[in-house]
Amino acid sequence: MFRMLSKAQIESYRRDGYLVIPRLIQGDQLAELRALTDRIVAEARGVTANDDLYDLEPSHSPALPRVRRLKPAIFKRYAFFHALVRDPKITAILAPLIGPAIRQYGGKLNMKSAGYGSPVEWHQDWAFYPHTNDDVLATGIYLDDCDLGNGPLMVLPGTHLGPTYDHHANGRFCGAMDPAACDLDFSKAVPLMGPAGSMTIHHARLVHGSALNTSNRQRRLLLHEYTAADAWPLMGVADFDEFNSRMVVGEPTVESRLGPAPVRMPLPAADHQGSIYENQRGIGRRFFTTYEERSPHAP
Ligand SMILES: O=C(O)CCC(=O)C(=O)O
């Protein structure tokens, strides 16, 4: 029997745009998730530049490997990650939020390592991948206990019902909002925390971000992006078979549903490609302190 959302949880998601499900992934499954991640990260020793699997911290070197993110290639390359996206423990929870037919859009594993794990500037996922309707969300599974100290995902409740903010700088998409140019009170941000194996859920239009990890504990977060099967990406479908191979439950459809949601297209494309961290190198003004600002002389 799978855990289901209560009526109060569904209402809370609709109103605030987020939920936390404590300890969803446990036991052997959590142990395997952590061990496989450790193994993939250890294999970054010797890697000299970002590639289709690794997004590296600015302070990475082949001898002192520092991985910032494992990219979507993990879902195609590793059976474990491929299966976890489809795990009925997860899809049973998402069904009342975005419907019984669900497609994976993408995903990644953000490392936020102890001492230097990079911040993620405030943004809405929707600005990266607008769809024909906004039954679009992301889940995040914490691989480690997460509290205020090690860089929890932070969200601004209710912003999924508001505007889509400008994520451009100098005329190009940069994947981050200018904190001084939007009417938001960032002191109202709510940290999403929980013991290892807990799962966060946030609506694609919800404003969120996270700070530098200055603690001595890592904070790894496995993000899965999901859409209703009838939400089609406005940037287009390059490969129809590949698109449908990402169905995680239910049947695909060519009847794409149009819903009212404010859209800004992520064009022209960011100067720096490859991940949100790279996109956000193009921003004018930062909210969160970076490792390089905090420790200018550290390796
Ligand atoms: O890892 C985090 O704390 C935030 C991640 C995020 O929002 C993203 O990668 O889009």
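This is a predicted model: local features need pLDDT of at least 70, side-chain atom pairs count only at pLDDT 80 or more; totals for chains, interfaces and linings use all residues.
**Overall fold**

The secondary structure of the protein chain consists of 9 helices and 14 strands. Its radius of gyration is 18 Å, close to the 19 Å given by the globule rule for 299 residues, so the chain is as compact as a globular protein of that length. Further values for the whole chain are listed in the table.

| Property of the protein chain | Value |
|---|---|
| Box filled by the C-alpha atoms, along the principal axes | roughly 55 × 45 × 40 Å |
| Share of the 299 residues that are buried | 41% |
| Share of contacts with a separation of 6 or more that join residues 24 or more positions apart | 84% |

**The nonpolar core**

The largest nonpolar core has 60 residues, and Leu137 and Val155 touch the most other members. Strand β6 (residues 136-142) supplies the largest share of this core, 5 residues. Leaving out residues up to four places away in sequence, Val155 touches Gly17, Tyr18, Ala189, Val190, Leu192, His202, Leu206 and His208.

**Helix α5**

Helix α5 spans residues 88-98, and its buried residues are Ile90, Ile93, Leu94 and Ile98. Viewed down the helix axis, the buried residues of α5 fall within an arc of 115°, so they line one face of the helix. These buried residues pack against four strands: β1 (18-21), β4 (102-110), β6 and β13. After α5 comes Gly99, which has a positive phi, near 100°.

**The ligand shell**

Which residues surround the ligand? They are Asn110, Lys112, Val120, Asp125, Leu153, His208, Ser210, Leu221, Leu223 and Ile276. Two elements give two or more residues to this shell, namely β12 (208-210) and β13 (221-228). Sorted by class, the shell holds 5 nonpolar, 3 polar and 2 charged residues. Two names in the shell have already come up: His208 is also one of the residues touched by Val155, and strand β13 is also among the elements that the buried residues of α5 pack against.

**His272 in its loop**

His272 lies in the loop between β14 (247-249) and α8 (276-279). His272 and Phe173 are 99 residues apart in sequence, while their C-alpha atoms are 9.6 Å apart in space.

Technical notes:
Residues are numbered from 1 along each chain as its sequence is written. A residue is near a molecule or strand if its C-beta atom, placed from the backbone, lies within 6 Å of it. Ala, Val, Leu, Ile, Met, Phe, Trp, Tyr, Cys and Pro count as nonpolar, Asp, Glu, Lys and Arg as charged, and the others, Gly among them, as polar. A nonpolar core is a set of buried Ala, Val, Leu, Ile, Met, Phe, Trp, Tyr and Cys residues joined through C-beta atoms within 7 Å. A residue is buried if 20 or more other C-beta atoms lie within 10 Å of its own, exposed if 12 or fewer, and partly exposed in between; C-beta atoms are placed from the backbone. Two residues are in contact if their C-beta atoms, placed from the backbone, lie within 7 Å. The arc is that of the directions from the helix axis to the C-beta atoms. The radius of gyration is taken over C-alpha atoms; the globule rule is 2.2 Å times the number of residues to the power 0.38.
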